[in-house]
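Have the model open as you read.

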Amino acid sequence: MANGNLSKLAGQVAIYGISSVVSRLLNYLLVPYYTRIMSPAEYGILTDIYALIPFALVVLTLGMESGYFRFAAKAQGVEERKKVYATTWGAVLTAATLFLAIVLLFDNQLTHLFGYESHTEEQLLPYVWLTGAIIFFDVAGAIPFARLRQEGRAMRYVTIRLLSVVINIGLCLWFYGSGAPFGASCDWTPTTPLFALLANLVSSAVTFILLLLSCRGVAPRVERKRLKTIFAYSLPLLISGIAVTANEFIDRQMIKFLMPAEESLVALGIYGAVVKIGVVMLLFTQMYRLAAEPFFLAEFKNDEFKNTGAETMKYFVIVSLAIFLFITL
């Protein structure tokens, strides 16, 4: 029985891991495409917005994904598990809706927070609207995605994730390839970052619709007492999540606000593109972990485990250095 559960877990880890690698690799292929059609300043805007979105996602999901996993596992029966899902989803959906309402009501004021002095307020409004809508759909779909994982529906989870990436890439190629996909009525330039955000919005909306179809039968409904208990558990995770996200993305904001305004977006665009090169190393590390974790779990009782571990680490370091040198040179 234990071996069967371990095999099931290993299979799901492999599915999630491979899908993550494929998704990152597909998105990575857009980087050289973007850097060839956009100016450094235009790509700097895209880099900045995609550094702001993770902060919003962490704050607005309220740490409820981990809270849902915790309390769904403790739930006594299917009905109580559904109530945990309804409460956590209701809380996150409420936060996402309030956020979108604030964005739409105070869009003019929010344009000043972007700090793009080369753009007028009217030019920045589409950025505010598209970014707000992307965040709304991504936050609203966070708990349904968590439910798929909690229920072990790995293939459904992976299919929706990969479909979202394919839609995003396909629309990007169409928008930028056609130059003016909406005709003369659209005054967006053929290289504007707005097309990338629009493609992202469509893929996020389609993803949310598919999640609704996959998680039918439970409507979002907040039970205050249950929410209070779950949020008490989730709050430390929310705080740590903000810290982790800041550690990963705050460098973009430092470049934008510490450098002279006339140079910051160009520098940010170059920096953002160069940082993406590290994705190649990250992909190798993920693939190694996918193979190494189940191997070590199976072999740790063997007498030669230490020698085997040392040998695998040696070759891991050798290959990592080779990838690093290849990228650098």
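## Overall fold

From the N terminus on, the elements run α-α-α-α-α-α-α-α-α-α-α-α-α-α. That comes to 14 helices and zero strands in the chain. Keep in mind that this is a predicted model.

Of the 329 residues in the chain, 40% are buried. If you take contacts between residues at least 6 apart in sequence, 79% of them join residues at least 24 apart.

## Where H8 meets H10

Take helix H8 (residues 142-150) and helix H10 (residues 194-214): their axes come within 9 Å and cross at roughly 50°.

Which residues in H8 and H10 meet? On the H8 side they are Pro144, Phe145 and Leu148, and on the H10 side Thr207, Leu211 and Ser214. Sorted by class, this contact has four nonpolar, two polar and no charged residues.

## A positive phi at Leu62

Leu62 is found in the loop between helix H3 (40-61) and helix H4 (64-74). Its phi is near 60°, a positive value in a residue other than glycine. For context, most residues other than glycine have a negative phi.

## The core

The largest nonpolar core has 65 residues, and those with the most contacts inside it are Tyr34, Ile49, Tyr127 and Leu197.

Now zoom in on Ile49. Leaving aside neighbours within four places in sequence, Ile49 is in contact with Tyr127 and Leu197, and also with Phe114, Tyr116 and Thr131.

Terms used:
Residues are numbered from 1 along each chain as its sequence is written. This is a predicted model: local features need pLDDT of at least 70, side-chain atom pairs count only at pLDDT 80 or more; totals for chains, interfaces and linings use all residues. Side-chain values use heavy atoms; hydrogens and water are left out. Axes are lines fitted to C-alpha atoms, for helices over the stretch in contact, and angles run from 0 to 180 degrees between N-to-C directions. Helices (H or I, at least four residues) and strands (E, at least two) are DSSP runs, numbered from the N terminus. Contact means heavy atoms within 4.5 Å. Ala, Val, Leu, Ile, Met, Phe, Trp, Tyr, Cys and Pro count as nonpolar, Asp, Glu, Lys and Arg as charged, and the others, Gly among them, as polar. A nonpolar core is a set of buried Ala, Val, Leu, Ile, Met, Phe, Trp, Tyr and Cys residues joined through side-chain atoms within 4.5 Å. Buried means under 20% relative accessible area, exposed over 50%, partly exposed in between (1.4 Å probe, protein chains only).
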